[in-house]
Amino acid sequence: MVKPTEYLKSVGIDIFLKGHNSYKLESKGFMPLTVETWQQGELITMVSMCHYGEQNGDLMKDPDILFQVKDEVIKYLEFQNDYAGYYSENHAETKNFMENTWMQNLKEQGHKLTEKEIEN
């Protein structure tokens, strides 16, 4: 089981940096990964992790996961996959997918940080 906070730290992303920050990670042969981080108040960090594809000129999320981190606790808020027409706000289901499937896949695919925009 791999938590997304551990994975992001391992690829050089500090999710606790102030501001609305965005990162792009790439691995040859796989979809790029877009990560955005921002703070909600003093204690909550929001994180979006998404693969974007394109269909008929539209960006498609495949998948997009939104979660928050407060006091080292992760709360999964949204799971969306546009190609499958799927949207969920089920924390347990999203946690299972993130920690038991997607994070392991990203680790094995070897995505590396290629771009970052840090808001100062």
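Guide: Start at Glu72, which sits in the loop between E4 and E5. E marks a strand and H a helix; both are DSSP runs, numbered from the N terminus, with helices (H or I) of at least four residues and strands (E) of at least two. The model is predicted, so local features need pLDDT of at least 70 and side-chain atom pairs pLDDT 80 or more, while totals for chains, interfaces and linings use all residues. Residues are numbered from 1 along each chain as its sequence is written, and side-chain values use heavy atoms, without hydrogens or water.

Glu72 is not a glycine, yet its phi is positive, about 70°. Its relative accessible area is 67%, so Glu72 is exposed. Exposed means over 50% relative accessible area, buried under 20%, and partly exposed in between (1.4 Å probe, protein chains only).

Now step back to the loop between E3 and E4, where Asn56 is found. Asn56 is no glycine either, and its phi is positive, about 50°. At 75% relative accessibility, Asn56 is exposed.

E4 itself deserves a stop. Pro63 belongs to strand E4. A cis peptide bond joins Asp62 to Pro63, with omega about -10°. Next comes Asp64, which makes a salt bridge with Lys61. The closest N and O atoms of that pair are 3.4 Å apart. A salt bridge needs a side-chain nitrogen of Lys or Arg within 4 Å of a carboxyl oxygen of Asp or Glu. By this rule the structure has one. Asp64 is buried, at 10% relative accessible area. Lys61 is partly exposed, at 24%.

What about the rings? The structure holds four aromatic pairs. Phe79 and Tyr86 form an edge-to-face pair, 5.3 Å centre to centre, with 80° between the planes. Rings of Phe, Tyr and Trp (its six-membered ring) pair if their centres lie within 6.5 Å; planes under 30 degrees apart are stacked, over 60 edge-to-face, and the rest tilted. Phe79 is buried, with a relative accessible area of 10%. Tyr86 is partly exposed, at 29%. Phe97 and Trp102 make a stacked pair, because their planes stand at 25° and their centres lie 6.1 Å apart. Phe97 is partly exposed, at 22% relative accessibility, and Trp102 is buried, at 5%. Ring pairs join Phe79, Tyr86, Phe97 and Trp102 into a cluster.

Last, go inside. The largest nonpolar core has 22 residues. Tyr7, Leu8, Val35, Met49 and Phe67 have the most contacts within this core. Two or more core residues come from each of helix H1 (4-10), strands E1 (21-26), E2 (33-40), E3 (44-55), E4 (58-70) and E5 (73-81), and helix H2 (91-109). H2 gives the largest share, four residues. Such a core is a set of buried Ala, Val, Leu, Ile, Met, Phe, Trp, Tyr and Cys residues, joined through side-chain atoms within 4.5 Å.

Which residues does Tyr7 touch, leaving aside neighbours within four places in sequence? Tyr7 is in contact with Val2, Leu25, Leu33, Met49, Met103, Leu106, Lys107 and His111. Contact means heavy atoms within 4.5 Å.
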